[in-house]
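Subject: Structure for you to look at

Hello,

Here is the structure I promised to pass on. Please open it alongside this email, and my notes follow below.

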Amino acid sequence: MSDEQGWRPVEGTLGLGGAEGGTIVRDEEHPAGVRLTLEEDVERSFHAVTCGIAGWLVHARHFGSAAEAEAAWDELKPALVQLAMQLPATRGHGLDPATREAGVKLGAFLARYP
């Protein structure tokens, strides 16, 4: 499956308040269990992109302009799908080798996209 293939809008969220305090202006999900949500509050020059991988990750990034947030959105889409495909389907215990390896991959992702 290509990075772009499979992304679809999340129904019923546009215009609602988001978790980061802005208004949701874009919200998409991917069958790999990945979701991206873009919030903004133009009066505060506030833009947030929240990315998630079901059972593994919720991470918000904040930007000062719509252009920066849109560029991050485009960069995160393929990176999130790629990361999700490398993670186990379920989360094991902390000492489980697959879970430990997933932690390394998640840490690298967070370091790359602070």
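A definition to start with: the expected span of a helix is 1.5 Å times one less than its number of residues. Helices (H or I, at least four residues) and strands (E, at least two) are DSSP runs, numbered from the N terminus. The model is predicted, so to speak of local features we ask for pLDDT of at least 70, and side-chain atom pairs count only at pLDDT 80 or more, while totals for chains, interfaces and linings use all residues. Residues are numbered from 1 along each chain as its sequence is written, and side-chain values use heavy atoms, leaving out hydrogens and water.

Helix α2

Helix α2 covers residues 97–112, and its 16 residues should span 22 Å at 1.5 Å a residue; the end C-alpha atoms lie 23 Å apart, which agrees. T99, A102, L106 and F109 of α2 are buried (under 20% relative accessible area; exposed is over 50% and partly exposed in between, with a 1.4 Å probe and protein chains only). Looking down the axis of α2, the buried residues fall within an arc of 75°, so they line one face of the helix; the arc is taken from the directions from the helix axis to the C-beta atoms. On the face turned away from that buried side, α2 carries the exposed residues P97, R100, V104, A111 and R112. The buried residues of α2 pack against β4 (46–53), β5 (57–63) and α1 (66–86), where contact means heavy atoms within 4.5 Å.

The sheet

Five strands form an open, antiparallel sheet in the order β1-β2-β3-β4-β5; two strands pair if DSSP finds at least two bridges between them. β1 (8–9) and β5 are at the edges with a single partner strand each, so one side of each has no neighbour in the sheet. β2 (residues 23–30) and β3 (residues 34–41) pair over seven bridges, and H30 has V34 as its bridge partner. The hairpin of β2 and β3 has three residues between the strands, and G33 in the turn has a positive phi of about 85°. β3 and β4 pair over eight bridges, with E39 partnered by A48. Four residues separate the strands in the hairpin of β3 and β4, where S45 takes a positive phi near 50°.

A ring to look at

The charged end of R44 sits over the ring of F46, 4.6 Å from its centre (the rule: NZ of Lys or CZ of Arg within 6 Å of the ring centre and within 35 degrees of the ring normal).

Best wishes
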